[in-house]
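Please look over the sequence and the model shown below before reading on.

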Amino acid sequence: MTTPRLSTDGLTVRFRLRGAVVHAVTDLSLTVQPGELLAVVGESGCGKSVLAHTLLGLLPRNATVSGRAVLDGNTELLTGRVSGVRGRRVGLVPQSPATALNPVRTGRRLLEETLRAHGRPRSDADGIAAAVGFDPADLDRYPHELSGGMAQRLCTALALAPDPSLLIADEPTTGLDRPLVDHTLDLLRRRCDTGNTVILITHDLTAAQRVADRVAVMYASRIVEEQPADALFAAPAHPYTAGLLDALPDRAFRAVPGHPPMLTALPAGCAFAPRCTRATDACATMPDLSGTARCHHPLVEQEVAA
Ligand SMILES: Nc1ncnc2c1ncn2[C@@H]1O[C@H](COP(=O)(O)OP(=O)(O)OP(=O)(O)O)[C@@H](O)[C@H]1O
Ligand code: SF4
Ligand SMILES: [Mg+2]
């Protein structure tokens, strides 16, 4: 059996605020193999970026973390010293590229410093920039001289420079036009095809469908469904996943009605219940993630087809 690139067990993150606790990530257990591209999808605020920051040891001081996350079967990410791991073995394309870039360094300087720190020649900078669709001639610009899409691509180049075996890409296609979106997605896919692992965090289900091997759907801090991508897009089991797919322009183009709950006041049972047409009294208790969906009344394939 291959050693998973990443496995998490019961990963839970809470933020302490004055008078409240934010349940940002709850009991999250997943396994990602070498060569796999896992997409993590879900509405704004469900905990996707907090998950990414947790795995990179980048949480603020008001956070408490429990559970486990193990890289390559030998490196604890939550309790070990992550400084030697971050960048080199686990890379992050951050969600907010503009704020992630050091404003007083040109793109070239940033990229060359990253390459040097990881023992790669500075002369690789142009090639890495070109690979992410960033014109090497623009590397001599400062971050404030870059468009949002250019800053995004520079961040992708910086994350790729150490050639991490696990890349967590948090909305890496924001601000890009469709050809560059596809270019970026295909680049991530190719990394996996050579044995690396990518976790792609995205709002864009079409992107997930294009490149993901598996998809994990998050709702209100928990994974509510996880399936191979083909199966999930053909036959979602969780009513929330079905709702997300219905919102796609080439499907019903109908948004999921209602809003996600506050993460400071989650119910004891299924957090989707107020928005769910299938809810019953049973849903007042928390369903397990048994099978593919965390749901007491999952959809069966015939219903999806109907
Ligand atoms: N430092 C913090 N202190 C308190 N709450 C926080 C902190 N950071 C994040 N949160 C909360 O944690 C929850 C999850 O946030 P997160 O950024 O992971 O959402 P997301 O799924 O990435 O959303 P989006 O799709 O908009 O990027 C949100 O309710 C957010 O307000
Ligand atoms: S557990 Fe109940 S409320 Fe939650 S998604 Fe399933 S049917 Fe809907
Ligand atoms: Mg986010």
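**Briefing: a helix, its surroundings and the chain**

Helix α5 covers residues 148–160, and its 13 residues reach 18 Å from the first C-alpha to the last, close to the 18 Å expected at 1.5 Å a residue, where the expected span is 1.5 Å times one less than the number of residues. Helices (H or I, at least four residues) and strands (E, at least two) are DSSP runs numbered from the N terminus. This is a predicted model, in which local features need pLDDT of at least 70 and side-chain atom pairs count only at pLDDT 80 or more, while totals for chains, interfaces and linings use all residues. Residues are numbered from 1 along each chain as its sequence is written, chains are lettered from A and ligands numbered from 1 in the order in which they are written, and side-chain values use heavy atoms, with hydrogens and water left out.

- Of the 13 residues of α5, 12 are buried, a term for under 20% relative accessible area, with exposed meaning over 50% and partly exposed in between (1.4 Å probe, protein chains only).
- Among the buried residues of α5 are Met150, Arg153, Leu154 and Cys155.
- These buried residues pack against β6 (90–93), α2 (97–100), α3 (107–117), α4 (125–131), β7 (166–170) and α6 (178–193), a contact being heavy atoms within 4.5 Å.

**Nonpolar core**

- The largest nonpolar core has 92 residues, and those with the most contacts inside it are Leu77, Leu111, Ile168 and Val215; such a core is a set of buried Ala, Val, Leu, Ile, Met, Phe, Trp, Tyr and Cys residues joined through side-chain atoms within 4.5 Å.
- To this core α5 gives the most, with 8 residues.
- Leaving aside residues up to four places away in sequence, Leu77 touches Leu6, Leu55, Ala69, Leu71, Val82, Val85 and Val90.

**Magnesium site**

- Ser49 (OG) and Gln95 (OE1) coordinate the magnesium ion (ligand 3) at 2.0 to 2.1 Å; donors are N, O and S atoms within 2.8 Å of the metal (3.2 Å for Na, K and Ca), and water is not among the atoms, so sites may look incomplete.
- Because Ser49 lies in helix α1 (residues 48–55) and Gln95 in the loop between β6 and α2, the pair ties together parts that are 46 residues apart in sequence.
- Ser49 is buried, with a relative accessible area of 18%, whereas Gln95 is partly exposed, at 37%.

**Whole chain**

- The chain has 10 helices and 10 strands, and 51% of its 306 residues count as buried.
- Its C-alpha atoms fill a box of roughly 60 × 45 × 40 Å, taken along the principal axes.
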